[in-house]
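Hi there,

Here is the structure I promised to pass on. Have a look at it, and then read on for my notes.

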Amino acid sequence: MRSVRGILPEPGTWSDRRAERTLGALACTVLLLIAAMVLFVFGKAWPSFAHNGLAWLGGGGNVDQQLSAIFDSPAKPADYVYTLHAWPMLYGTALVTGFAVVCGLALALLSAIFIVEFAPEPVRRLLEPAVRLLAAVPSVVYGLIGILVLVPFVGGTLISEQMKESVAYVVQLDGTSVLVGGVVLTVMITPIMIAIVVDALRSIPRAWTEGAAALGVNRWRVMWTVSVRAARPAIVAAAVLATARALGEAIMLAMVSGSVGFAPNPLDGLTILFEPTRPLAATIVDNAEGLSVVPFGQTIYAFAAVLLVSSLALSLGGWAAKQPLKRYGLAAR
Amino acid sequence: MTLSRLSRRLGAVAALAAAAAVVPAAGASAKTTITMSGSTSVAPLAAKLAKSYVKTRNVSFKLLQGGSDVGINDVAHGRVTIGNSSRDPKSSDPAGLVFNKIAKDAVCLVTNPANRLPNLSAAQVSAIFSGQVRDWSQIPGAGASGTIDLIGRTAASGTYDAFNKIFMGGARLSTTMAQKASNGLVQQAVKSDQNAIGYVSLAFTAGTNEVAYNGVPCNLRNAKSGQYGGVRNFFMVTRGPATGAAKKWIRWVQKSPIAKQIISTDWVPLS
């Protein structure tokens with residue numbers, strides 16, 4: 001630790017050195033904790049991956065029947081059932097997360113531009129705290145609103161009897177759906193993105209935008225061609241953070257996205273929006289009751305391991321995507 | 001404040017906290033403590049019984065929830081004295097456990113209040129839940145029309161297990177059934193969907209239309225008299241036969257008239 005002579009005490013006093021070591025130890029504990037967690041989860045999940053190989057990620061059969069068979073495994077460890085094809089849940093996670101991040105990013109970008117550039121001062125003063133408040137609402141509250149208001153509305157009004165009959169032999173449409181899950185998730189993740197993008201747009205040097213304006217460019221074009229372009233690393237960072245939150249969202253999705261391991265079929269056209277699906281994190285919450293059955297618990301840990309890996313990949317991907325953008329923009333976090 | 005003074009203060013606070021935690025524990029150590037964990041369906045009953053039991057005995061209780069399988073796993077590892085279970089013993093349960101039956105509970109079939117379906121036969125129930133019958137027009141007496149929405153529980157729940165054994169008669173559950181994580185979520189889904197049918201524990205039928213099973217309405221009286229077929233068991237599980245205070249407690253729950261009176265408020269006592 002370096003200190004400024006005369007202001008801070010001389011380095012090397014006893015309490016100083018101790019503080020340094022304590023803080024260092026604390027920081028290292030975080031690293032250890034992450035390593036231990038990854039090792040533990042993968043150790044627990046290994047039998048499920050080892051038994052299925054790459055087929056674990058694939059489709060085939062009905063995933064709920066497979067889970068049920070795993071839960072009803074015989075008592076002898078040699079006879080444990082592990083067969084699982086988790087594709088419907090992986091696909092469901094991607095579908096709901098993708099829906100929310102794409103909608104949320106567009107919404108967040110437009111709202112942030114409005115807040116920074118176009119909003120009158122009193123509106124801005126009201127909007128910004130409101131956005132921060134929305135970002136702090138617990139997900140279970142969104143889940144309750146979804147299940148009490150949106151799900152009955154979609155099930156009763158938007159889904160026609162004809163639509164239900166067209167897929168009745170594959171899946172039932174009761175309102176819990178990709179649409180409700182995606183919409184509520186969008187509402188959940190947009191505020192964080194708005195907050196990050198607003199901060200980035202605001203840190204664009206005044207001279208850049210004023211310079212563009214002096215050349216006769218209108219406000220809207222200045223925003224798109226100068227500010228948003230320079231803020232791209234922050235926009236990527238916002239999208240990564242929001243995706244991470246969407247991936248891990250469990251309680252809300254378990255309540256509104258449907259409780260059946262079904263892979264919505266793009267061939268069904270618009271009906272796909274009304275088909276239910278159950279993302280990975282929601283599957284973990286729904287089935288936590290069966291953790292004590294050994295092979296079932298290991299399968300649940302396998303879901304957790306996939307979530308861990310995907311958030312890791314997400315951080316790396318976000319970092320990689322930011323590198324070429326940084327040359328033109330501001331250094332973002 | 002220097003670090004050493006800070007740490008000394010923190011130490012003092014920690015010591016105080018520890019003392020505060022130890023004192024009541026020391027006071028209670030004269031009593032025996034029975035710990036229970038497990039089924040969320042059994043928990044309200046166990047709490048009512050324990051509240052009455054501690055009035056006359058020198059025993060205290062600690063009751064945790066978590067689901068039948070959590071209770072069974074806890075008791076098998078010696079983490080609790082008794083594990084509460086709302087499902088029958090399974091072949092994959094750890095060896096050496098004793099399932100002490102303490103009461104019975106009815107599982108009711110429910111539909112949306114707009115669909116005043118009066119009765120379903122055993123054959124109709126298994127046809128509906130296995131997906132052979134998919135439209136309300138095929139069910140005489142149904143007040144709804146259109147496709148049937150099946151609402152059930154996740155495979156890991158005790159109620160799912162009970163429903164499969166009692167109502168399905170060997171038929172396979174339809175893969176389209178929505179699998180909810182709790183009784184309350186099934187109740188909510190049925191309340192908000194006119195085409196839904198689901199199954200819940202008797203205590204969760206408010207706001208829905210209860211459907212009679214084989215001509216017998218699902219209520220406490222019919223469950224007690226044995227006429228209603230959809231009845232499952234509640235267990236208190238011990239590792240090996242119960243001993244000491246736990247043995248006395250379980251015998252009191254099973255045999256004493258006071259316990260029977262408490263059980264019969266919402267559940268079915270053993271005859």
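A:Glu210 and A:Arg206 sit four residues apart in helix H8 (residues 206-214) of chain A, so about one helical turn separates them. Their side chains meet in a salt bridge, with 3.5 Å from N to O. A:Arg206 is exposed, at a relative accessible area of 59%, while A:Glu210 counts as partly exposed at 47%. Please bear in mind that this is a predicted model.

In general, side chains of opposite charge can pair when their charged atoms come close.

Chain B has a pair worth a look too. B:Asp69 forms a salt bridge with B:Arg87, and the closest N and O atoms are 2.9 Å apart. B:Asp69 lies in helix H3 (residues 68-76) of chain B and B:Arg87 in the loop between E3 and E4, so the pair ties together parts that are 18 residues apart in sequence. Buried or exposed? Both B:Asp69 and B:Arg87 are buried.

Now for the place where the two chains meet. On chain A, 36 residues are in contact with 41 residues of chain B. Between them the chains bury about 3100 Å², with 49% of that on carbon and sulfur atoms. Within chain A, the residues that lose the most area to chain B are A:Phe71, A:Gln172 and A:Glu289, which together make up 23% of what that side buries.

How many salt bridges are there between chain A and chain B? The count is two. There are also seven residue pairs in polar contact across this interface, both residues being at pLDDT 80 or more. Helices H1 (14-52), H2 (63-71), H5 (139-158) and H6 (161-166) of chain A each supply at least two residues of the side that touches chain B. The largest share of that side, four residues, comes from H2(A). By type, the residues of the chain A side divide into 15 nonpolar, 11 polar and 10 charged.

One of the bridges between the chains joins the side chains of B:Asp149 and A:Lys164, at 3.0 Å from N to O. A:Lys164 is found in helix H6 of chain A and is buried, with a relative accessible area of 7%. Leaving aside neighbours within four places in sequence, A:Lys164 is in contact with A:Ile159 and A:Leu173 in chain A, and with B:Thr147, B:Asp149 and B:Asn195 in chain B.

B:Lys90 and A:Asp72 form a salt bridge as well, with their closest N and O atoms 3.9 Å apart. B:Lys90 lies in the loop between strands E3 (82-85) and E4 (97-111) of chain B, and A:Asp72 in the loop between H2 and H3 of chain A, so this pair joins two chains. B:Lys90 is buried, with 14% relative accessible area, whereas A:Asp72 is partly exposed at 44%.

As for chain A as a whole, it has 13 helices and zero strands. Its C-alpha trace spans about 70 × 60 × 35 Å along the principal axes. Of its 333 residues, 44% are buried. Among contacts in chain A between residues at least 6 apart in sequence, 76% join residues at least 24 apart.

H10(A) has 17 residues and reaches 25 Å from its first C-alpha to its last, close to the 24 Å expected at 1.5 Å a residue. Its buried residues include A:Pro233, A:Ile235, A:Thr243 and A:Leu247. What do the buried residues of H10(A) pack against? Their partners are helices H3 (87-118), H7 (178-202), H9 (219-230), H11 (251-256), H12 (280-286) and H13 (294-326) of chain A.

Last, a residue in chain B. B:Glu210 is found in strand E9 (residues 209-213) and counts as partly exposed, at 35% relative accessibility. The side chain of B:Glu210 makes a polar contact with that of B:Thr205, at 3.1 Å. Apart from neighbours within four places in sequence, B:Glu210 touches several residues, among them B:Leu109, B:Val110 and B:Cys218.

Cheers

Key. Residues are numbered from 1 along each chain as its sequence is written. Chains are lettered from A and ligands numbered from 1 in the order in which they are written. Side-chain values use heavy atoms; hydrogens and water are left out. Contact means heavy atoms within 4.5 Å. Buried area is the accessible area (1.4 Å probe) that two parts lose on being put together, summed over both. A salt bridge is a side-chain nitrogen of Lys or Arg within 4 Å of a carboxyl oxygen of Asp or Glu. A polar contact is a pair of N or O atoms within 3.5 Å; within protein, one must be able to donate a hydrogen and the other to accept it, and residues adjacent in sequence count only if both atoms are side-chain atoms. Ala, Val, Leu, Ile, Met, Phe, Trp, Tyr, Cys and Pro count as nonpolar, Asp, Glu, Lys and Arg as charged, and the others, Gly among them, as polar. Buried means under 20% relative accessible area, exposed over 50%, partly exposed in between (1.4 Å probe, protein chains only). The expected span of a helix is 1.5 Å times one less than its number of residues.
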